[in-house]
Amino acid sequence: MHITIRLQFQKDLVSFGDIATAIGKAGGDIVGIDVISSSKTHTVRDITVSAFDTKHCNLIIDMLKKIQGVKVVHVSDRTFLMHIGGKIEMKSKIPIKTRDDLSRVYTPGVARVCTAIAEDPTKAYSLTIKRNTVAVVSDGTAVLGLGDIGPHAAMPVMEGKAMLFKQLAGVDAFPICLDTKDTEEIIQIVKAIAPAFGGINLEDISAPRCFEIEERLKKELDIPVFHDDQHGTAVVLLAGLLNALKIVGKKLEDIKVVVTGIGAAGIACTKILLAAGVRNIIGVDRTGAIHRGVDYENPYWIEYAQMTNPDNLSGTLSDVIEGADVFIGVSAPGILTVEDVKKMAKDPIVFAMANPVPEIDPELAEPYVRVMATGRSDYPNQINNVLCFPGIFRGALDCRAKEINEEMKLAAAQAIASVVTDEELNETYIIPSVFNNKVAERVREAVMKAAYRTGVARKEAIAPTE
Ligand SMILES: NC(=O)c1ccc[n+]([C@@H]2O[C@H](COP(=O)([O-])OP(=O)(O)OC[C@H]3O[C@@H](n4cnc5c(N)ncnc54)[C@H](O)[C@@H]3O)[C@@H](O)[C@H]2O)c1
Ligand SMILES: O=C(O)C[C@H](O)C(=O)O
Ligand SMILES: [Mg+2]
């Protein structure tokens, strides 16, 4: 691996030769040097060094820090270098070469186009970027498993989502990180920016505010609004589960499912499973199994207790996991023990999806489970919402859907599951890879069909046939 080390050194105490020797002694190879600034007393240089691994990099940096007169200003690795200046840019489709071009793309020609849209606002879809754009909106309060790290720190994730939208589905997505946590203010801001967009992808907004923000925006806007951490996760989870159940020969109607973490992802996963036909789901959070008869402070848990836990079980995760066919974790690291897994029904299915550390170490669980999935890319069966959001928005934009409804989500889950053929399906391949280029197209087609079937598609001309 390569790292770039920015060093400031005091000229009277140390020479570049001393630094090069120290790096060489530590086993590093200098592959590039840039002088950033130089004064009478100090020099600042970026030194790019080739090393074996992170441990080796740290050794080199420690050696440099020990040299008197040297200050390590910062160190960039390949990941950081990929982020310099951000990861995306805006590009024009047409060059402006002549005055004639200028008078068409801009004033005075553009005025006629503006007037046409003012007279018929639906023309925004044909004459502006609206038909291909999605706003990726976050307030930075629930970024990955990192929590409330703020809007500036959330940007790299949102830029990454925008890249995936473009690469996997050709959608132009704009990262928009808001410096407010006020529910009403977020709603008003998103409504105010909506004219430029064909859809709103809410991302990494903490529960329970994410529920109200999404519900209100769905009601008050006429373009699809989709909270990815809820529904993207739920769609991909269902896709994985449909395939895992084929392996163990069980039906959705017959299984007992335990979900841990009744937050944004847990509630959405539960709802999609109920819609798909699962009857016995028990939700567990920090206070144990969510059941009827408790006056929970969280109103979403009261509603949750009504729609789940048919036997109204109470107790800990270890109590209610007895006889469960499926475990779904969207909670916290390490909360599922091997003993718990041993109590599950025959052929246990464990989806431990907390990021970056799952509810159970896959290696510990492996001897006792039939199918294991995590949110990670370094184990088989990665459940990640990137399998859903590009294709679901591509489909919604292409048929100009006014919303993304339950039928469209179920269709997306079935489409993702269908990419894995019966011949390919096995315990370590229940879900297609993020790089499988069939996924987004399959999801798009299925989502469009569902949109037309349920009457939410507004673009008649390209209605696909059933
Ligand atoms: N793999 C994926 O694609 C994917 C997608 C979304 C979320 N996630 C992961 O799921 C987790 C939850 O995400 P979220 O957006 O729903 O967060 P959230 O904050 O909305 O919900 C988390 C819930 O877990 C509960 N919880 C925390 N510790 C617990 C414990 N020890 N026992 C039981 N419950 C506990 C919390 O009380 C909360 O209700 C995170 O780790 C996130 O990375 C994974
Ligand atoms: O961003 C991801 O990789 C998954 C998900 O959206 C998350 O917030 O963890
Ligand atoms: Mg997210």
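Where is Lys161 found? This residue is found in helix H7 (residues 151–169), with helices (H or I, at least four residues) and strands (E, at least two) taken as DSSP runs and numbered from the N terminus. The model is a predicted one, in which local features need pLDDT of at least 70 and side-chain atom pairs count only at pLDDT 80 or more, while totals for chains, interfaces and linings use all residues. Residues are numbered from 1 along each chain as its sequence is written, chains are lettered from A and ligands numbered from 1 in the order in which they are written, and side-chain values use heavy atoms, with hydrogens and water left out.

Lys161 counts as buried at 11% relative accessibility; buried means under 20% relative accessible area, exposed over 50%, and partly exposed in between (1.4 Å probe, protein chains only). Beyond its neighbours within four places in sequence, Lys161 is in contact with Val136, Glu203, Asp228, Asn385 and Phe389, where contact means heavy atoms within 4.5 Å. An unreviewed UniProt entry puts the annotation "active site" on Tyr106 and Lys161. Such positions are given in the numbering used here, feature names are shortened, and annotations may be inferred rather than shown by experiment. The two residues are spread over 56 residues of sequence and are also spread in space, up to 30.8 Å between C-alpha atoms. Tyr106 sits in the loop between helix H4 (99–105) and helix H5 (109–119), and Tyr106 is exposed, with a relative accessible area of 54%.

Next comes the metal site. The magnesium ion (ligand 3) is held by Glu203 (OE), Asp204 (OD) and Asp229 (OD), at 2.1 to 2.2 Å. Donors are N, O and S atoms within 2.8 Å of the metal (3.2 Å for Na, K and Ca), and sites may look incomplete because water is not among the atoms. Along the chain, the donors of this magnesium ion follow the spacing E-D-x24-D. Glu203 lies in the loop between strand S7 (199–202) and helix H9 (209–220), and Asp229 in helix H10 (residues 228–248), so the pair ties together parts that are 26 residues apart in sequence. Both residues count as buried, Glu203 at 1% relative accessibility and Asp229 at 18%. The contacts of Glu203, leaving out residues up to four places away in sequence, include Met158, Lys161, His227 and Asp229.

The UniProt feature "binding site" (unreviewed entry) is placed at Glu203, Asp204 and Asp229. These residues span 27 residues in sequence, yet no two of their C-alpha atoms are more than 6.5 Å apart, so they gather at one spot.

Now for the sheets. Strands of a sheet pair through backbone hydrogen bonds, either parallel or antiparallel; here two strands pair if DSSP finds at least two bridges between them. An open sheet of 4 strands runs in the order S6-S5-S7-S8, with parallel pairing. Strand S6 (172–177) and strand S8 (225–227) stand at the edges with a single partner strand each, so one side of each is left without a neighbour in the sheet. On average, neighbouring strands of this sheet are turned by 20 degrees against each other, direction ignored. S7 and S8 run parallel and are joined by 3 bridges, and Leu202 stands opposite His227 in S8.

Another open sheet has 6 strands, in the order S11-S10-S9-S12-S13-S14, with mixed pairing. Its edge strands are strand S11 (288–289) and strand S14 (371–374), each pairing on one side only. H10 packs on the sheet, touching S12, strand S13 (349–352) and S14, and the direction of H10 makes about 160 degrees with that of S13; axes are lines fitted to C-alpha atoms, for helices over the stretch in contact, and angles run from 0 to 180 degrees between N-to-C directions. Strand S9 (residues 256–260) pairs in the parallel sense with strand S12 (residues 326–329) over 4 bridges, and Thr260 has Gly329 as its bridge partner in S12. S9 also pairs with S10 in the parallel sense, over 5 bridges, with Val259 opposite Gly283 in S10. Strand S10 (residues 280–285) is mostly covered, as 6 of its 6 residues are buried. Asn280, Ile282 and Val284 point one way from S10, and Ile281, Gly283 and Asp285 the other way.
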